[in-house]
Amino acid sequence: MKIPFISFAVLFIVCFSCKQKEEEAKPYLALEAPKAKEIAKELTTHGDTRTDNYFWMRLSDAQKNAETPDAQTQDVLNYLNAENEYLNKAMAHTDALQDTLYDEIIGRIKKDDQSVPVNKKGYSYYTRYETGANYALYCRKKIQDNAEEEIMLNVPELAKGFSYYAVGSTSISPDNNMLAYGVDTVSRRQYTIFFKNLKTGETLKDELKNTGGSAIWANDGKTIFYTTKDPQTLRDNKIVKHVIGTNQSEDVVVYEEKDETFFCSIYKTKSDAYLIISSTQTLSSECRYLDANTPNGEWKIIQSREKDLEYSVDHYEDYFYIRTNLDAKNFKLVKTPINKTEKEHWVDVIPHRNDVFFQSIDIFENYLVSEERKQGLRTIRVMGWDGKNDYYINFNDPAYYAATTSNIDFNTNVLRYYYSSLTTPGSTIEYNMETKKQTILKQEDVIDSTFNVDNYTSERLFATATDGTKVPVSLVYKKGIKKDGKNPLLLYAYGSYGSNSEPTFRSSRLSLLNRGFIYAIAHVRGGQEMGRDWYENGKLLKKKNTFTDFIDVGKFLVDKGYTNNEHMYANGGSAGGLLMGAIANMEPNLWNGVVAAVPFVDVVSTMLDESIPLTTFEFDEWGNPKNKEYYDYMKSYSPYDNIEAKSYPNILITTGYWDSQVQYWEPAKWIAKLRALKTDNNLLIMDCNMKTGHGGASGRFERYKQLALTYAFIFDLEGISQ
């Protein structure tokens, strides 16, 4: 049968019209997306060969830091810049919305804010922002009437001329006269430590480079200890002693951690009596101690490292108090005499409990305070040393975060803690442990005349995972929302390293809630919300539980009428970005959009390369792929290795060129491979910040530009234009 010519004309017009309408709805379709060149590289492990067409995107630090880029570096820069240019064009129609969101978000932030002062040794310390400043002033006053403010660090002034400027930590010498502070101007978490004489205002010539950013003072006021990093892997591998007034070349290494699966750190006990070196990996730790009055003395081991034995140390009177998992999966508190520190001398203070995860302690003269987690929620327990008082502080929100904070004073009955919930702005609270009276010292100001806590509600639910496990879900939304399955919903999770996703307030989130979004946190396995088992069942050869938990929570929220798959969005960063990559592969049709921030997506190749920062001491988290069992399991879920020719949701990826945690080439390779294989017309974009690393921009307000982009990406998919 012959089809008349006119039919072809009509068919062409119809098809052209449909394409035109689609491009009007999705303007990015009229753009040409970047296409990365393909150079096949075969990677063979355990007899299995993977072909990586984008392996060439990896650059060494030497290449990145070279004044003149070589050909490979230039190719990488060209590609990353092309992706940024495509992002700008594809999202250009949302520029006004991004500006609105940015102004809205930073408009809720108090511009001349100040932290709650912390008192120590006759001074009150605090930070404050002057109106419009991106960086804080570090200040102190003597604790006396009419004391004048001393500006210890004028960071707005120091940061001038730098695209990135971050102060690591600050510490004051025992005589109150010297300030040590760490500075990172690259965003690789390699800090230079500087010293300032607070009496004269002079910055000393002492400069300690390639450090972890913290300086710990011995009690003589002239000796400090700090960590240095392996220049290639950035592992904190040495503890070094420095004497004020000398050159760094004269510094003495007092401890070197030679096991590449461990990193080391140093801190001072709250009593100021001891310095503690801690060597740590995922499943083991080892501590050494030194009298802080004798910085040239001999360090002594508290308990030699053993596989699966973790512990941390504080001090009170004649004992070390040790948090440990010795015969205690959920951890417990023990004490041991200072002259008998090995584990056979450890005596229980807070015994192990199967239903309570013991997190940390804060020691006072009359009280021992512990932070614990019961039924997935943090609690604060107060115990008198005399045994007469033992109680928990009560909290009323269905989901919340509570933690002790800034309790430097030892001889006090006053506990300071921080409290926040999904509907309660962060609050610093002073609590009298004797009278149980509490005072709110400061609550986060929300500069928004329309904001009222009573306009929002939160819930805590439990979704049933595929294997029957009950997974906690925290939700917040504006009152009046109907559970008719039509609400836009953003679901967040992290789910690794035993790190907990806490249900805290964020004023920036109001931009979501006020536009009808529900915000939900899936407390998936891999975190530690429900105890140590929760973590262990979401790592190594059980890592896929993290992904299936998230998917099951998403389906649960659809079943309960909170949303549907056309209005549900997923968000996670770093190891949570791995989660995003996995669920996009496993259940692509469940999400309308996915936001993956600094995503760890090239799992197998990264874990096989021990020269990459963080790899070696994460074998207990992901497994060592040199072992075939772990290699096969990693490969079965690695987002990069499991991209297929199929439809994917709309995806926004963010990364930083100087990222030391997840190297930029992982998300860059991921987006290139997705573009080459995906079969849909959905939006796929990447924002690579060429000036920052893992944590994004350093300025107080600058960081919210990326959040405005994220929200605009989601709102645009929902048809929200303002």
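1. A polar contact is a pair of N or O atoms within 3.5 Å; within protein, one of the two must be able to donate a hydrogen and the other to accept it. In this predicted model, a polar atom of the K543 side chain lies 3.1 Å from the backbone oxygen of G538.

2. K543 belongs to the loop that runs between α7 (532-536) and α8 (544-559). Apart from neighbours within four places in sequence, the residues in contact with K543 are G495, S496, G538, W622, Y633 and Y637.

3. The charge of K543 deserves attention. K543 is buried and has no salt bridge. The nearest side chain of opposite charge is that of E621, 4.7 Å away. A salt bridge would require a side-chain nitrogen of Lys or Arg within 4 Å of a carboxyl oxygen of Asp or Glu.

4. Most residues other than glycine have a negative phi. L234, however, has a positive phi, near 65 degrees. L234 is placed in the loop between β12 (223-229) and β13 (236-243). With a relative accessible area of 9%, L234 is buried, because buried means under 20%.

5. Y497 likewise is a residue other than glycine with a positive phi, in this case near 60 degrees.

Technical notes
Residues numbered from 1 in each chain as written. Predicted model: local features only at pLDDT ≥ 70, side-chain atom pairs only at ≥ 80, totals over all residues. Heavy atoms only, no water. Helix = DSSP H or I, 4+ residues; strand = E, 2+ residues; numbered from the N terminus. Buried < 20%, exposed > 50% of the residue type's maximum accessible area, 1.4 Å probe, protein only. Lys, Arg positive; Asp, Glu negative; His and termini not counted. Contact = heavy atoms within 4.5 Å.
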